[in-house]
Amino acid sequence: MTQALYLDDSYMRSFDAIVTGVDDSGVYLDRTAFYPRSGGQPSDLGILIRGDEVFRVESVELSERGICHRAHGLSPGDEVRGEIDWERRYRIMRSHTACHILSAVIFRETGALITGNQINIDRSRVDFSLEAFDRSMIETYVGMANDLIKEGHPVRVRVLTRDEAMEIPDLVRLAMNVPERESVRVIEIEGVDLQACGGTHVRNTSEIGEMRLVKAENKGKSNRRVYFELVG
């Protein structure tokens, strides 16, 4: 299986690896900093370099064989250098941490759980199990989130045993159960949020900038969708 370097260091932009396998879907490496599409976060894009040859990574997916890089032309045993599209990755990191902060605010104010999310470069969305739909209140929650962002809270990665994680109140705010795993990766936004998550995040909320509400929709009974974008 592939060593997932992004779990320990979201800021890793390049890395060296060995091709361990190739199939019709793409390339498998012994280690990678490319994030595979999952949990509402899109995959990283970038390139793999073998000597003077450059192979574009069109997407990265999870498969039964491990983390599959959609690139072609490489062979097992090849030594490569991976380089991530950093500008894209960093914007995703900022948006993802912003999602956690907004979710924490809405949970604190209403008790609503997350029923879905999708992070994108231009704008992102989060779905909540809110009973009432009130755009003015959503605007207020976004304002609260921006206040927390400006305060500059450190963001840390913690890995807990499943038993330790399940003892933390409100750790899991998704409207679904945590997968059966021995350990749980947790993103802690100091003084703001503690949430099980496998995605990439910034080190401090001040890196996010500012969130702007794009629109809020009523998607049916107790399901409200909030779209936001980053300013700058």
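This is a predicted model: local features need pLDDT of at least 70, side-chain atom pairs count only at pLDDT 80 or more; totals for chains, interfaces and linings use all residues.
## Salt bridges: the overall picture

Side chains of opposite charge can pair when their charged atoms come close. How many salt bridges does the structure hold? The count comes to 14. Let's look at a few of them, starting with a pair that reaches across the sequence.

Arg-50 and Asp-78 join their side chains in a salt bridge, with N and O 2.6 Å apart. This pair links distant parts of the chain, as the two residues sit 28 residues apart. Arg-50 belongs to strand S5 (residues 46-50), while Asp-78 lies in the loop between strand S8 (66-69) and strand S9 (79-84). Is Asp-78 buried or exposed? Asp-78 has a relative accessibility of 15%, so Asp-78 counts as buried.

Now for a bridge inside a helix. Arg-135 pairs with Glu-139, and their closest N and O atoms are 3.2 Å apart. Both residues are in helix H2 (residues 135-150), and because they are four residues apart, about one helical turn separates them. Neither end is hidden away: Arg-135 is partly exposed at 35% relative accessible area, and Glu-139 is partly exposed at 42%.

Glu-190 and Arg-156 make another salt bridge, where the closest N and O atoms are 2.5 Å apart. Here the partners come from distant parts of the chain, 34 residues apart. Glu-190 is in the loop between strand S13 (183-189) and strand S14 (193-196), whereas Arg-156 is in strand S12 (residues 155-161). Glu-190 is partly exposed, with 34% relative accessibility, and Arg-156 is partly exposed too, with 38%.

## The sheet with S12, S13 and S14

Those strand names lead us to a sheet. In what order do its three strands lie? The order is S12-S13-S14, in an open sheet with antiparallel pairing. S12 and S14 are the edge strands, each pairing on one side only. On average, neighbouring strands in this sheet are turned by 25 degrees against each other, ignoring direction.

S13 and S14 run antiparallel and are joined by four bridges. Within this pairing, Glu-188 has Leu-194 in S14 as its bridge partner. Helix H1 (residues 86-110) lies across S12, S13 and S14, and runs at about 80 degrees to S13.

## A hairpin and its other partner

Elsewhere, strand S2 (residues 14-23) runs antiparallel to strand S3 (residues 26-29), with four bridges joining them. The two strands form a hairpin, with two residues between them. What is the bridge partner of Val-22 in S3? That partner is Val-27.

S3 also pairs with S8, again in the antiparallel sense, over two bridges. In this pairing, Tyr-28 stands opposite Cys-68 in S8.

## A buried arginine

Last stop: Arg-224, found in strand S16 (residues 224-231).

Setting aside neighbours within four places in sequence, Arg-224 is in contact with several residues, including Val-126, Asp-127, Phe-128, Leu-130 and Glu-131. Others on that list include Ala-132, Phe-133 and Glu-217.

Key. Residues are numbered from 1 along each chain as its sequence is written. Side-chain values use heavy atoms; hydrogens and water are left out. A salt bridge is a side-chain nitrogen of Lys or Arg within 4 Å of a carboxyl oxygen of Asp or Glu. Buried means under 20% relative accessible area, exposed over 50%, partly exposed in between (1.4 Å probe, protein chains only). Two strands pair if DSSP finds at least two bridges between them. Contact means heavy atoms within 4.5 Å. Axes are lines fitted to C-alpha atoms, for helices over the stretch in contact, and angles run from 0 to 180 degrees between N-to-C directions.
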